[in-house]
Amino acid sequence: MPVVHLLRHGHVHNPDKVLYGRLPEFRLSDAGQAMARAVADDLTARSVPVTRVVASPLLRAQQTAQPIADAYGLEIATDERLIEALNAYEGTVLQSGAKDFLHPRNWWLLRNPWKPSWGEPYTEQRDRMWAAIRDAAAANPDGDTVMVSHQLPIWVARMEFEQRRFLHDPRSRQCGLASLTSFDFRDGEPVAMSYAEPAAHIEVPK
């Protein structure tokens, strides 16, 4: 029974607090690299039969995938469908955190939180993520696949599996840095899900 593990990338070096989105140059911090190694150590310690590693094209995802690929002697495949959600705020410096989104100049972007109006529609994220997940399960029926992606696309994939509404408070997402959201497949269909945070013990800089 194949298992597809969605791995969120590790902590990113971002001292200027930029909402980096799909910007290409953002890399893992030292803590993020430690997280990636911790996930690889966890998978090998539990003898998880990983036989394929796939990652978003963004640098932070590729760097998170590398220790796992090295541990299992695998190459990293790249899948564009695993990329971060498109966001109109990309490149914005968030000096005061999430409340910066509420500035009057941004009100037009917030007009439809169900879609959402500020970025890639949830339905499009769902479709591309589940197409990638299903393809991964079909391509690797006798082993586990680790797919490194980003928080929102992973969370949308989980909400679809749990048949929940996409509209949500981002603070409620159970998708920590370097966390694993895993789907068990049977006869081509996902039948169970589990969640783990093998790198939760690693502190991130304030």
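Reader: Which residues of α4 are called buried, and what makes them so?
Author: They are Q151, L152, P153, I154, W155, V156, A157, R158 and M159. Buried means under 20% relative accessible area, with exposed over 50% and partly exposed in between (1.4 Å probe, protein chains only). This is a predicted model, where local features need pLDDT of at least 70, side-chain atom pairs count only at pLDDT 80 or more, and totals for chains, interfaces and linings use all residues. Residues are numbered from 1 along each chain as its sequence is written, and side-chain values use heavy atoms, leaving out hydrogens and water.

Reader: Why is helix α4 described as largely enclosed?
Author: Happy to explain: 9 of the 11 residues in α4 (residues 151–161) are buried, so the rest of the structure largely encloses this helix. Helices (H or I, at least four residues) and strands (E, at least two) are DSSP runs, numbered from the N terminus.

Reader: What do the buried residues of α4 pack against?
Author: Their partners are β1 (3–8), α3 (122–139), β4 (144–149), β5 (180–186) and β6 (189–196).

Reader: What makes β4 "mostly covered"?
Author: Of its 6 residues, 6 are buried. D144, V146 and V148 point one way from β4, while T145, M147 and S149 point the other way. In a regular strand, side chains alternate between the two faces of the sheet.

Reader: How do you know that β1 and β4 pair?
Author: Two strands pair if DSSP finds at least two bridges between them; β1 and β4 have 6, in the parallel sense. V3 stands opposite D144 in β4.

Reader: And which residue stands opposite V146 in β4?
Author: That is V53. Strand β2 (residues 50–55) pairs with β4 in the parallel sense over 5 bridges.

Definitions and conventions. Contact means heavy atoms within 4.5 Å.
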